[in-house]
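These are notes for a colleague who is opening this structure for the first time. They are numbered so that each point can be checked in the viewer.

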Amino acid sequence: MDGDMNDPVGERVGRLEAEVQALRAEVAKLRPAMPQAPLPSMRVVVPPSPLPPVPRAAAPIAPRLFETERKPTAKSNESLESQIGTKILSKVAVVMLLIGAALFLKWAFDNRWVGAGGRVVAGLVAGASIVLWSEQFRRQKIAAFSYALKAVGSGVLYLSLWASFQLYHLVPGWVGFAAMVVVTAWNAVMAWSQDAPLLAGYALLGAYLTPVLLGTGGDHEVFLFSYLLVIALALLALLRVKPWSLLLLAALPVTAAFYIAWYVEYFDATKADKTALFALLLWVVFAAIPLVAADDKAVITNVLTPLGAGVFGALSLYSVLADSGRRGWQPWAAVGFAAVYLGLTRLRGRSLLAAMHLSLGVVFLTVAIPLKATGRGILTGWMVESVALLAVSTTVDLDRVAKGVLRGLGCTALLLGVGGALIEPEIQSNLGRAFLNRDFGMALGAVAALAAAIFLSRRMRENDPAKTVGELIAVCSFVLMNLVLLIAVDRELNRFFESEQPTIMAWGQGHALADFCFSAWLMLQGVANLLAGFWQRVALARWIGLLLLAATIIKLFAYDMRDLGQGYRVISYLVLGALLMGVSFAYQRDWLGLRGLAAKDDREVQG
């Protein structure tokens, strides 16, 4: 063994090569059938020194991983006593020190140890110190307490500046305003740098408190509305990059409150143009925020803010036009708002926001109708608008949310128009000739609008996988159409037979004839529904026809026969009997194949 270790390296390599060749020969004898590719000659290189083991490179990672796993365990084992001593007591101590300092200052002020200037300076120093001190708690990850201290410090600064101007008159108004703006800006910078929406809320609150704290009671329209416009623009820039949509819940209502407070106190017709301009500028800024906001999923951004901005812009402009003697411009203002919001729906973006803009556009068009028209013109406008909205909702390119909004608004306008056509004649009846007057014309217009809704509902069912909405619109429209016809014809028959009768007896005879004619119409309308149901194979029409015929029979026996003469009774029985016989014959012949459908249903139930 020792001799082998002393051989030269070359001899050892030679012996290894000879052994390899012998092994190759043995393998060739054992596998003669397989073609053997020549193996390359192997050259054994003896390394000068062994390589270091590879796992040592990863060894330093183990301690770090181990330490990371130990930290939560140590934290979770912290006792309740330790938590109270390190966290709760420190917060209580801070509050006690603040209260003690405040009481000491009050004591000093009451005893005139400190003058007015000293009090203001002390307040400013105390407020700034509290704000700076709060940063230590933020670095210690006690964010909530840090924000609370910042609120206290900011409040002390605002109150000190207010006292310097309003209470002690030490500085002019513009100095106090500039100092408050600096405090507000500092809060905004901290909110931005620390990504803290609560600090942004402090800054917004301070910004809106500034004109209240420094107000002198005069009319400063340009300054006030310019200041509000600057705040709105700053909020627009902030919300474009920060998802802090909750700030809008304060900004828009407070802006509207400032506008209303100023308007009630100082507005007159000479300021109309300037006030309308500021109102429109504020509306533009708040209406633009949802289009660029970073928080594009929130209900505040997509629903509440567009709705609030639209209401603020419309009411502020309408009030200016009304109080300046320009009511004639109100309908055109509504049309302008509608055009803007309908134009915003063309922008590519979120479907919910587009649906909200579409809703506002339609609402403004609906409002423009009664502002411009009166009486029956309003009802006609609503019915025409309803048909247009339902027609647009059948467009294939619209998404589901937009279709739902359009159909809801269209049905609402249709109900307003149809309901008005039924109610208005009872309030303010037109005394023209029967069947040739505006009341009956409005009823026919309502029937036409309902028929159009039925036609459009078929397109809705063809285009949409979910057919429930289209079927519901069709059913309600068909029922309302029959109801409108019955009410309108009954009213016109009474007008024809009862109006301008010279005596009470003649009026009674006319009333009886009107009842008889209405029974005849009830029968004819029932037959018409049956025929339409047989022709179009619509079960609802057939059922309504059967109900109308049943109502005719009940009315004929229970009411009409006591007032009709013998001839009218004979005619009523014969005509009604013949019609019922014809209807029975149609069902007996099974023209609709109802028996086959019933048998099929029975087989399905049994299966």
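1. Contact here means heavy atoms within 4.5 Å. The model is a predicted one.

2. Overall make-up. The chain contains 22 helices and 0 strands. Of its 607 residues, 36% are buried. The chain exposes about 36000 Å², and 69% of this area comes from carbon and sulfur atoms. Taking contacts between residues at least 6 apart in sequence, 68% join residues at least 24 apart.

3. Helix H11. This helix covers residues 272-292, which is 21 residues. From its first C-alpha to its last it reaches 31 Å, close to the 30 Å expected at 1.5 Å a residue. Its buried residues include Thr 275, Phe 278, Leu 282, Trp 283, Phe 286 and Ile 289. An α-helix has 3.6 residues a turn, so residues three or four places apart point the same way.

4. Helix H9. H9 also has 21 residues, with a reach of 31 Å between its end C-alpha atoms, close to the expected 30 Å. Among its buried residues are Leu 224, Leu 228, Ile 231, Leu 235, Leu 238 and Leu 239. Glu 221 and Tyr 227 are also on the buried list for H9. The cover over the buried residues of H9 includes H7, H8, H10 and H11.

5. The cores. Which residues have the most contacts inside the largest nonpolar core? They are Leu 235, Leu 247, Phe 286 and Phe 364, in a core of 59 residues. The elements giving two or more residues to this core are H7, H8, H9, H10, H11, H12, H13 and H14. Apart from this core lies another, of 35 residues, among them Leu 414, Ala 421, Leu 422 and Met 481. In soluble globular proteins, nonpolar side chains tend to be buried together.

6. Leu 235 close up. Leaving aside neighbours within four places in sequence, Leu 235 is in contact with Leu 247, Leu 248, Ala 251, Phe 286 and Ile 289.

7. Lys 150 and Glu 135. A search of the whole structure finds 9 salt bridges. In one of them, Lys 150 and Glu 135 meet through their side chains at 2.6 Å, N to O. Lys 150 lies in helix H6 (residues 143-167) and Glu 135 in helix H5 (residues 116-139), so the pair ties together parts that are 15 residues apart in sequence. Are the two partners buried or exposed? Lys 150 counts as buried because its relative accessibility is 0%. Glu 135 is buried too, with a relative accessible area of 13%.

8. Asp 195 and Lys 242. These two form a salt bridge whose closest N and O atoms are 3.3 Å apart. The pair links distant parts of the chain, 47 residues apart: Asp 195 is in the loop between H7 (173-194) and H8 (197-213), and Lys 242 is in the loop between H9 and H10. Asp 195 counts as partly exposed, at 48% relative accessibility. Lys 242, at 14%, counts as buried. Not counting residues up to four places away in sequence, Lys 242 touches Trp 192, Asp 195 and Ala 294.

9. The side chains of Asp 268 and Lys 271 meet in a salt bridge at 4.0 Å, N to O. Asp 268 is partly exposed at 31% relative accessibility, whereas Lys 271 is buried at 16%. Elsewhere, salt bridges that share partners join Glu 135, Arg 138 and Lys 150 into one network.

10. A surface patch. Val 92, Met 96, Ile 99 and Leu 103 form a nonpolar patch on the surface. Together they have about 400 Å² of accessible area. Val 92 is placed in helix H4 (residues 80-110), and at 45% relative accessibility it counts as partly exposed.

Terms used: Residues are numbered from 1 along each chain as its sequence is written. This is a predicted model: local features need pLDDT of at least 70, side-chain atom pairs count only at pLDDT 80 or more; totals for chains, interfaces and linings use all residues. Side-chain values use heavy atoms; hydrogens and water are left out. Helices (H or I, at least four residues) and strands (E, at least two) are DSSP runs, numbered from the N terminus. The expected span of a helix is 1.5 Å times one less than its number of residues. Buried means under 20% relative accessible area, exposed over 50%, partly exposed in between (1.4 Å probe, protein chains only). Patches are made of residues with over 30% relative accessible area and no salt bridge: like charges are joined within 9 Å, nonpolar side chains (Val, Leu, Ile, Met, Phe, Trp, Tyr) within 5 Å. Accessible areas come from the Shrake-Rupley method with a 1.4 Å probe; for residues, only the protein chains shown count as cover. A nonpolar core is a set of buried Ala, Val, Leu, Ile, Met, Phe, Trp, Tyr and Cys residues joined through side-chain atoms within 4.5 Å.
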